[in-house]
Amino acid sequence: MLWRHHHGDGQPGAGDTALLLCTDMRWRRATAGLIAAIAGSGVLDEAGLTELATRFLEGTTIIWTAPLSWSDGEWVTIQLGDQTAEDTAEISGDDAGGPLNFVRQVPPPLHRWAAAQLVRLHPGEWADVWECAQRLDAAGTGAALAGMLDVLGALSEPAASGLLAIGLGWPRGSVRRTALERLAEREGPDAACRLAALDPDAKIREWAGKLARSRSAVASTSTS
């Protein structure tokens, strides 16, 4: 609500404020919901959302540069006792002024949203998105892959099949689960159940059992 209040009428800096909000550790338990609300508010247009998503895919940490108007005088650095990585500031240029760069942590939910957003808006550039995703750490790459799987329907058949195969073989179980859900949509629940029943992750095998039982229940009801 505050973000919409300050930028809902076209005030400048909406993208920067969104970036700072989403990378603030106080929202770490609600990052996915926060970026979804910001993206769905209508305040940022397609270009703004593309720019924000591109920034989030730059790395697991990104640099935000404060406006030059903030640096009219000399900087005073105060070292806090419990300073976290996201509070760290690096001063570049002259000691008397110059840009102030803040290191911001980008959690996996933002990588997932960013990859999905870019593929949804620019499906023809999915290979570039995947290339950027692979430069992240393991958690970030997996999250970005899950985001691309979320919007698999936006891709051409060859691209979708290739990404689905990567997802089904991904080391992290949560990504495989997302891929199995897409497989169920594309080829039917039986295909996903057969593969999931052999998965080393117990949670995925449990999911397969529930899906199979649900299918059986629906079939029994239809027969009755």
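Buried here means under 20% relative accessible area, with exposed being over 50% and partly exposed in between (1.4 Å probe, protein chains only). Strands (E, at least two residues) and helices (H or I, at least four) are DSSP runs, numbered from the N terminus. This is a predicted model, in which local features need pLDDT of at least 70 and side-chain atom pairs count only at pLDDT 80 or more, while totals for chains, interfaces and linings use all residues. Residues are numbered from 1 along each chain as its sequence is written, and side-chain values use heavy atoms, leaving out hydrogens and water.

Strand 1 has a partner: it pairs with strand 3 (residues 100-105) in the antiparallel sense over five bridges, where pairing takes at least two bridges found by DSSP. Across this pair, I63 stands opposite V103 in strand 3.

Next, look at helix 3 (residues 31-40) and helix 5 (residues 108-121). T31, A32, I35 and A39 in helix 3 meet P109, L110 and W113 in helix 5, contact meaning heavy atoms within 4.5 Å.

Finally, find L145 in helix 7 (residues 138-150). L145 is buried because its relative accessible area is 0%. Leaving aside neighbours within four places in sequence, L145 is in contact with W130, L163, I166, G167, W170 and V175. L145 and A115 are 30 residues apart in sequence and 7.4 Å apart in space, C-alpha to C-alpha.
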